[in-house]
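Subject: The structure, and what turned up in it

Hi,

Here is the structure I promised to pass on. Have a look at it first, and then read on for my notes.

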Amino acid sequence: MSITTQAELAGMQKASEAVALTLKSMRNYAQPGMSTAELDEFGRAALESFGAKSAPKLTYGFPGWTCISVNNEIAHGIPTKRRILQEGDLVNVDVSAELDGFWADNGGSFVLGQDIHQHQVLVDASKDILKIAIANIHGGVKIADIGGLIEAEAKRRGYRVIKNLTGHGIGRNLHEEPHSIANYYDKYNKTRFKKNSVVAIETFISTKATWAYENGDGWTLTAKDGSFVAQHEHTIMVTDGEPLIFTKDNDIWN
C-alpha cells in the first residue's frame, strides 16, 4: 500500500492504534498460571473494543485471535487451555487486525515475571536491532541492505537470524508487496523501499538456529535444535527521512 490521501493515513493510524494497544494490554495482562487461551481471549475482547477483526483468523482461519508463542516456539503459536504460562517464560505475542478496510501488524517478545532463565538479553537484542533497522529505512534504500544490517547486528551480539520468516508490505491486506523483507542480506533481492509505502518490519533473532519448521500442528513454528528466538515488529510508513511508526503505542521499546 502507498498512502496518497489523508483518509488513508488516518485509516492506517486507527488500525495500528488498535493492534498496538491490544498488544500492550496483553503484555501487561499476562501472568504466571494463566493459560495462553485466556490471554488470547483477553486480546479478542481488546480488538473488538476498537471494532477491529483478527487478521490471522480472518485471512487464514487461524485457531486463535492472536498468535502466542512460548519459549522454543518461534511464531504462529496456537493459544490453548493446556499451555499454562510460567515464571520466566519467553513469550511472544503477535497481534494483527483489520479495521475499516485497513490492516496493521505488530508483535513483541518479553520475559514473563522474573528473568530466571536469562532470556532478557535476547529480548533486548531483538528490540534494539529493530530500532536500528527502522532508523535506517527511507525511500530508495535497498531492502537487502536492511536485512544485512539486521544480520550483522545480530552476529555482533553473538546471535543469528531466522531466514525463512520475514517482514512484509501491509495496508489493504495483511500481506502485500514487498513480500520478503528478510533478516539477512539477500543478494537476489534488488527491491528498494518506496516513499509513502506501508511495511511491517520485524526481527527474528535466534540463539543458534537459522530456520523455522512447522512442528506438526499445522501452524506453530519451532527450530529443530531447541533454539530460542525473540521477535519484535512495527508497522511503519516509509518517508524521505525518519519513518512514521504507526504502532509506536505498543511500547515494545519501553
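Let me start in a loop: Gln-118 sits between β5 and α4 (helices, H or I, of at least four residues and strands, E, of at least two are DSSP runs, numbered from the N terminus). Before going further, please note that this is a predicted model, in which local features need pLDDT of at least 70 and side-chain atom pairs count only at pLDDT 80 or more, while totals for chains, interfaces and linings use all residues. Residues are numbered from 1 along each chain as its sequence is written, and side-chain values use heavy atoms, with hydrogens and water left out.

**Backbone points**

Gln-118 has a positive phi, near 60°, although it is a residue other than glycine. With a relative accessible area of 56%, Gln-118 is exposed (exposed is over 50%, buried is under 20%, and partly exposed lies in between, using a 1.4 Å probe and protein chains only). Asn-196, in the loop between β8 and β9, is another non-glycine residue with positive phi, here near 75°. Its relative accessible area of 26% makes Asn-196 partly exposed.

**Helix α5**

Helix α5 covers residues 143–156, and its 14 residues should span 20 Å at 1.5 Å a residue (the expected span is 1.5 Å times one less than the number of residues). The end C-alpha atoms are 20 Å apart, in agreement with that. Which residues of α5 are buried? They are Ile-143, Ala-144, Ile-146, Gly-147, Ile-150, Glu-153 and Ala-154. As background, an α-helix has 3.6 residues a turn, so residues three or four places apart point the same way. The cover over the buried residues of α5 includes α4 (120–135), β6 (160–161), β8 (176–181) and β9 (198–206).

Gly-148 also belongs to α5, but is partly exposed at 22% relative accessible area. Leaving out residues up to four places away in sequence, Gly-148 touches Tyr-184 and Tyr-185 (contact means heavy atoms within 4.5 Å). Its C-alpha atom is 35 Å from that of Tyr-29, which is 119 residues away along the chain. Just after the helix, Gly-158 has a positive phi of about 90°.

**Salt bridges**

How many salt bridges does a search of the whole structure find? There are 10, a salt bridge being a side-chain nitrogen of Lys or Arg within 4 Å of a carboxyl oxygen of Asp or Glu. Glu-153, buried at 14% relative accessible area, pairs with Arg-157 at 2.7 Å, N to O. Arg-157 counts as partly exposed at 28%.

Glu-151 forms a salt bridge with Lys-163, where the closest N and O atoms are 3.9 Å apart. This pair links distant parts of the chain, with Glu-151 in helix α5 and Lys-163 in the loop between β6 and β7 (167–169), 12 residues apart.

In helix α2 (residues 36–49), Glu-48 and Arg-44 lie 4 residues apart, about one turn of the helix. Their salt bridge has its closest N and O atoms 2.7 Å apart.

**A buried aspartate**

Asp-105, in strand β5 (residues 102–111), is buried without a salt bridge. The nearest side chain of opposite charge, Arg-27, is 13 Å away (Lys and Arg count as positive, Asp and Glu as negative, and His and the chain ends are not counted). What Asp-105 does have is a side-chain polar contact of 3.2 Å with His-168 (a pair of N or O atoms within 3.5 Å; within protein, one must be able to donate a hydrogen and the other to accept it, and residues adjacent in sequence count only if both atoms are side-chain atoms). Beyond its neighbours within four places in sequence, the contacts of Asp-105 include Val-19, Asp-94, Ile-170, Glu-233 and Thr-247.

**Nonpolar cores**

The largest nonpolar core has 61 residues, and those touching the most other members are Ile-3, Met-12, Leu-39, Val-93, Phe-193, Ile-201 and Ile-205 (a core is a set of buried Ala, Val, Leu, Ile, Met, Phe, Trp, Tyr and Cys residues joined through side-chain atoms within 4.5 Å). A second, separate core of 10 residues includes Ile-162, Leu-165, Ala-209 and Leu-221.

Happy viewing, and best wishes
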